[in-house]
Amino acid sequence: MKYVLITLSFVLAFCLNVAAQCAPDRATDTPYVRICTPLDGEVVASPVHVTAVGSSVTNGGVIYMQVYIDTVWYTTFHADTIDLKVPLADGKHRIAVMAHDKIGAKALKYLYVSVKTPLSVTMT
């Protein structure tokens with residue numbers, strides 16, 4: 001039981017830490033989206049950890065956000081934050097996040113990452 005509580009508190013602390021670090025850069029009347037991870041141009045391993053946050057101050061807030069990989073819809077979150085892992089093949093990929101507010105206004109941000117599978121060595 002003690003192990004479960006320690007693990008749960010660690011996971012909760014991690015989630016709160018991600019949310020605190022991934023805040024919108026600014027407050028605006030129109031929707032705004034910020035991709036927090038990965039960074040533009042970063043070389044990453046698959047699955048790629050994508051976090052983003054959206055905001056819209058006077059338009060009733062962001063009601064859903066969509067993720068696109070290489071211009072193809074991947075998933076929708078009915079929230080103003082995104083935290084997911086996306087399995088991607090080696091190579092360069094475009095990750096885009098679109099935020100939608102209550103009146104239908106949209107904001108889009110995108111970046112490029114290079115996925116590279118780490119080398120593994122087998123000893124015999």
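Q: Why is L108 called partly exposed?
A: The relative accessible area of L108 is 41%, and since buried means under 20%, exposed over 50% and partly exposed in between (1.4 Å probe, protein chains only), L108 is therefore partly exposed. This is a predicted model, in which local features need pLDDT of at least 70 and side-chain atom pairs count only at pLDDT 80 or more, while totals for chains, interfaces and linings use all residues. Residues are numbered from 1 along each chain as its sequence is written, and side-chain values use heavy atoms, with hydrogens and water left out.

Q: Where is L108 placed?
A: L108 lies in strand β8, a strand being a DSSP run of E with at least two residues, numbered from the N terminus. Y112 is found in strand β8 as well, which covers residues 106–115.

Q: Why is Y112 called partly exposed?
A: Y112 has a relative accessible area of 33%, and it is for this value that Y112 is called partly exposed.

Q: Which residues does Y112 contact, leaving aside its neighbours within four places in sequence?
A: With contact meaning heavy atoms within 4.5 Å, Y112 touches L39, D40, G41, E42, K92, H93 and R94.

Q: What makes β2 and β5 edge strands?
A: In the open sheet, 5 strands follow the order β2-β8-β7-β4-β5, with mixed pairing. Strands β2 (43–44) and β5 (72–77) each pair on one side only, where two strands pair if DSSP finds at least two bridges between them.

Q: In which sense do β4 and β7 pair?
A: Strand β4 (residues 62–69) and strand β7 (residues 91–101) pair in the antiparallel sense over 7 bridges.

Note on methods. Helices (H or I, at least four residues) and strands (E, at least two) are DSSP runs, numbered from the N terminus.
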